[in-house]
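Work through the exercises below with the coordinates loaded. Each task is followed by its solution in steps.

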Amino acid sequence: MPVIKFTYNDLEELLDQKMEKDELIDILPMIGSDIEDYDDEEVKVEFFPNRPDYLSVEGVARALKGFLKIEEGLPHYHLESSNSSITIDPQLKNIRPYTSCCLVKGIHLTEDKLRQLMDFQEDLHWVLGRDRKKVAIGIHNLDVLNGPFRYLAADPDSVSFIPLEMEKEMSLREILTHHKKGQSYAHLLDQHDKYPLIMDSEDNILSMPPIINGELTKLTTETRNLFVDVTGTDQLAVERTLNIIATSFAEAGAQIQTMENIYGDVTLTRPDLTPKERMASVKNAENIIGIHLSSDMVVEALRKVRFDAEVIDQDTVKVMIPPYRVDILHEVDIIENVAIGYCFRKIQPELPRVATVAREDPYHDFDQNVREIMNGLGFAEVMSLMLTNEENHYQKMMLPETERVEVAQPISQDRTMIRQSLLNGLLEFLEDNKHEELPQKIFEVGETVFLEPEKETKTRGVKKLAAMITHSQANFTEIKSTSDTLISNLGLKMEIEDTEHPSFIQGRCARLKGVKKSSSQVMVEGFFGEMNPEVITSFQLEYPVVAMEVEFTDF
């Protein structure tokens with residue numbers, strides 16, 4: 001989890017009041033932090049990744065202002081128009097299609113502030129950006145630039161500039177092969193014919209997202225105005241990241257100026273700091289937190305965590321959520337903030353009224369047995385999220401779309417549905433780790449969900465196992481042997497027959513059944529084979545992949 005470090009002086013300056021060290025150490029855990037270390041000068045604090053707005057001292061100070069009742073309710077930030085714009089090249093559609101930019105005026109940077117800003121940027125790259133794959137951030141010295149700006153796809157061999165911390169020009173391709181940062185992040189771009197670039201009106205190169213900024217726009221203690229760009233593959237994540245950065249600068253006293261982000265015929269003004277409106281039930285809050293609450297008490301608690309709230313009726317509160325809060329997906333997230341604002345220390349623990357003896361859930365005993373078998377076969381376990389998206393789950397797998405459980409209000413375009421298969425998750429893992437040594441042998445045991453209108457929950461959970469092997473000689477025989485060994489180690493007999501599956505090469509896919517030797521009862525069923533090259537290349541992989549997926553019907 002991300003850890004930030006700040007001095008007591010920096011925090012007191014933002015709070016505009018003195019705060020004793022012991023008081024701060026006592027309060028920080030109440031807003032959701034874990035104190036790693038502290039001394040007489042500074043404190044090191046760890047926060048959960050779902051709160052990227054806490055990754056700067058400005059974000060921590062904003063939260064403490066509410067908790068200490070210095071400032072309550074929704075923070076309001078004054079935005080001015082910069083009368084500047086950035087035009088997005090349509091050729092970036094399949095490379096890195098989205099950007100959101102703004103200008104920041106009137107900052108004052110010390111050496112410590114520069115260090116904090118760089119740490120903030122890198123923490124956001126990790127928490128929101130998936131190590132720059134999904135989101136990457138550039139912060140530049142605006143005073144050496146002239147708008148309007150362009151975000152374009154450039155030829156990697158014909159364009160060059162001086163990258164950060166270098167003294168000579170390098171072509172875009174040379175940066176990927178010879179620059180330290182380029183080598184670390186080359187896998188994000190090297191499969192494309194053109195690379196992203198941001199330039200101003202005088203053809204000054206600001207950066208090569210998501211790899212490296214230019215030496216021209218390097219920040220110093222003399223920098224007073226900034227150009228901030230956020231680029232990525234997910235528009236919602238890009239825009240929310242810019243909101244977090246912009247509001248953090250605003251908390252430090254800077255003036256935020258909007259820019260026009262031009263996508264062909266569509267122009268978006270960013271940042272957009274419009275709060276989200278949601279409703280919360282007082283009764284639900286009482287049931288979940290376990291305390292008596294009134295609608296007025298809920299409003300008071302929410303204002304302490306910097307939400308605006310208004311009583312609609314005895315059981316309903318309208319909530320206005322700040323634009324930098326990316327963690328509010330459901331009413332229960334609002335209720336969690338009610339508990340924080342009420343203060344966890346005021347909630348008295350109670351012993352359960354039923355005496356129980358704990359033991360491991362038998363439902364998971366079988367999972368452990370399967371894991372031991374797969375580990376014994378030399379496979380490494382992967383644990384991925386149940387949420388996925390239609391492109392990866394259907395289009396890239398060459399599967400027809402089916403009815404599915406969809407996310408009503410997805411936080412990003414990557415997580416819009418609940419998976420029905422584990423295979424695309426394993427392929428995504430291989431895509432993220434294609435720079436690692438081969439062979440790679442991975443597996444996952446996990447739940448999938450299907451619609452089932454007759455059930456009370458309208459859904460049916462199915463436990464599955466998927467395994468995948470990739471290397472230059474991966475073939476049908478290898479995955480057949482793996483499948484047979486798994487089934488025999490489960491005490492079953494494997495039966496196979498020819499089948500066709502869109503994700504696999506025709507004629508190189510088989511359906512399998514694991515049956516009891518005594519009764520011929522089917523306990524396991526699924527398929528295995530060599531994956532279709534079109535599926536493999538859609539996940540930017542370069543070597544053959546063989547895979548199996550089975551579901552357990554009666555364990």
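**Exercise 1.** Determine how helix H3 and helix H7 are oriented at their contact, and which residues meet there.

Solution. The axes of H3 (residues 57-67) and H7 (residues 235-251) lie 9 Å apart, at an angle of about 70 degrees. Angles of 65 to 115 degrees count as roughly perpendicular, so H3 and H7 are roughly perpendicular to each other. Next, take contact as heavy atoms within 4.5 Å: Glu58, Arg62 and Lys65 in H3 meet Thr247, Ser248 and Glu251 in H7. Sorted by class, this contact has no nonpolar, 2 polar and 4 charged residues, with Asp, Glu, Lys and Arg counted as charged.

The model is predicted; local features need pLDDT of at least 70, and side-chain atom pairs count only at pLDDT 80 or more, while totals for chains, interfaces and linings use all residues. Residues are numbered from 1 along each chain as its sequence is written, and side-chain values use heavy atoms, without hydrogens and water.

**Exercise 2.** Find the salt bridge partner of aspartate 40 and state what the pair ties together.

Solution. A salt bridge needs a side-chain nitrogen of Lys or Arg within 4 Å of a carboxyl oxygen of Asp or Glu. Aspartate 40 meets lysine 21 at 3.1 Å, N to O. Aspartate 40 lies in the loop between strands S2 and S3 and lysine 21 in helix H2, so the pair ties together parts 19 residues apart in sequence. Aspartate 40 is exposed at 61% relative accessible area (exposed means over 50%).

Notes: Axes fitted to C-alpha atoms, helices over the stretch in contact; angles between N-to-C directions. Helix = DSSP H or I, 4+ residues; strand = E, 2+ residues; numbered from the N terminus. Parallel < 35°, antiparallel > 145°, perpendicular 65-115°, else oblique. Buried < 20%, exposed > 50% of the residue type's maximum accessible area, 1.4 Å probe, protein only.
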